[in-house]
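Hello,

Here is the structure I promised to pass on. My notes follow below it.

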Amino acid sequence: MDFLCVIVQALVALAVLALVVVLVLAHVTAGMVNVTRHENEKYFLTATGEKELFPSLHDPHSREMSVVIPAYNEELRMPVMLDEALQYLENRQKQNPSFTYEVIVVNDGSKDKTTEVGLRYTRKYGADKVRVLTLVKNRGKGGAVRMGTLSSRGKVILMADADGATKFSDIEKVEAGLNELNPKPGNLAISCGSRAHLEEESVAQRSVFRTFLMYGFHFLVWFFCVRGIRDTQCGFKLFTREAALKTFSSLHVERWAFDVELLYIAQCFKIPIAEVAVNWTEIEGSKLVPFWSWLQMGRDVVFIRLRYITGAWKLQSTNKTE
């Protein structure tokens with residue numbers, strides 16, 4: 001009996017030691033918010049090739065909607081998405097001339113011709129409607145979305161994936177979700193596109209191992225960070241300008257798990273969040289490597305909460321951009 005007690009005490013001591021090690025590791029490896037721009041990232045090219053300075057999210061809005069598209073090596077998939085998005089936006093503007101928009105393609109350090117593809121649309125529609133922000137080095141999807149958002153002019157800001165997996169006209173669904181939140185006072189609200197209604201079908205098509213990874217990730221998100229949102233990872237999210245400034249100013253994670261931190265920050269600030277079902281189709285060419293990406297995202301989710309608990313990361317309402 002005494003021997004059993006010794007074993008239990010040793011296991012408890014090891015568990016406590018492991019927890020301390022993880023907490024220390026999470027704290028000392030925590031990176032700070034980095035919104036510093038390389039000189040070349042401060043400008044976009046006009047249709048005639050002239051350089052103009054990007055505006056700031058801190059400025060008052062001058063467009064009804066901004067669409068931010070993070071793109072890494074997307075020269076092949078992005079044209080389909082841009083054609084669909086711009087056709088919708090142009091038709092909407094014809095029906096309602098007071099509706100104004102901009103599309104910001106953020107080239108996240110691509111090695112292909114992503115920037116050249118984006119600039120073709122700048123020349124076609126003009127730089128007032130389509131702008132390309134070319135990052136000098138790869139930041140990750142979260143970093144690309146943040147830099148594009150901080151350069152936007154919209155009253156509302158949509159982040160949308162370059163692969164066009166979500167039907168772009170479903171913007172009307174997430175807009176309706178945003179409006180139903182009645183974002184006052186402060187005009188703070190977020191509406192998230194969701195694929196949760198497709199989960200049963202996707203499970204049937206996945207291997208047992210991938211399904212296990214998916215549910216494991218969902219559990220970590222629920223346990224450590226975000227409650228009440230079934231699909232945190234859909235790349236179709238609409239922010240009021242004020243909500244974007246408040247959340248992206250505190251964002252640290254720049255890779256795949258950035259959505260989780262964004263929603264965690266929003267819930268800490270008690271920003272209302274809607275989850276709206278959208279049409280979604282899996283598109284070939286995903287940059288997500290199933291096993292290792294899920295592991296990295298799971299680690300990041302755990303570290304997000306631990307870094308806020310230890311004080312390595314702190315929430316802040318705004319952050320000046322350079």
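Why is helix H8 largely enclosed by the rest of the structure? Of its 8 residues (241-248), 6 are buried, so the rest of the structure largely encloses it. Buried means under 20% relative accessible area, exposed over 50%, partly exposed in between (1.4 Å probe, protein chains only). Helices (H or I, at least four residues) and strands (E, at least two) are DSSP runs, numbered from the N terminus.

This is a predicted model: local features need pLDDT of at least 70, side-chain atom pairs count only at pLDDT 80 or more, and totals for chains, interfaces and linings use all residues. Residues are numbered from 1 along each chain as its sequence is written, and side-chain values use heavy atoms, without hydrogens and water.

Back to H8. Its buried residues are Arg241, Ala243, Ala244, Leu245, Thr247 and Phe248. They pack against helices H4 (141-149) and H9 (258-268), and against strands E6 (154-160), E7 (190-194) and E8 (236-240).

Now the rings. There are 11 aromatic pairs. Rings of Phe, Tyr and Trp (its six-membered ring) pair with centres within 6.5 Å; planes under 30 degrees apart are stacked, over 60 edge-to-face, the rest tilted. Tyr88 and Phe168 are edge-to-face, at 5.7 Å centre to centre and 65° between planes. They sit 80 residues apart: Tyr88 in helix H2 (78-95), Phe168 in the loop between E6 and helix H5 (171-180). Both are buried.

Phe223 and Phe224 are also edge-to-face, with centres 5.1 Å apart and planes at 80°. Phe223, in helix H7 (208-225), is partly exposed at 42%. Phe224 is buried at 19%.

Best wishes

How values were computed: Contact = heavy atoms within 4.5 Å.
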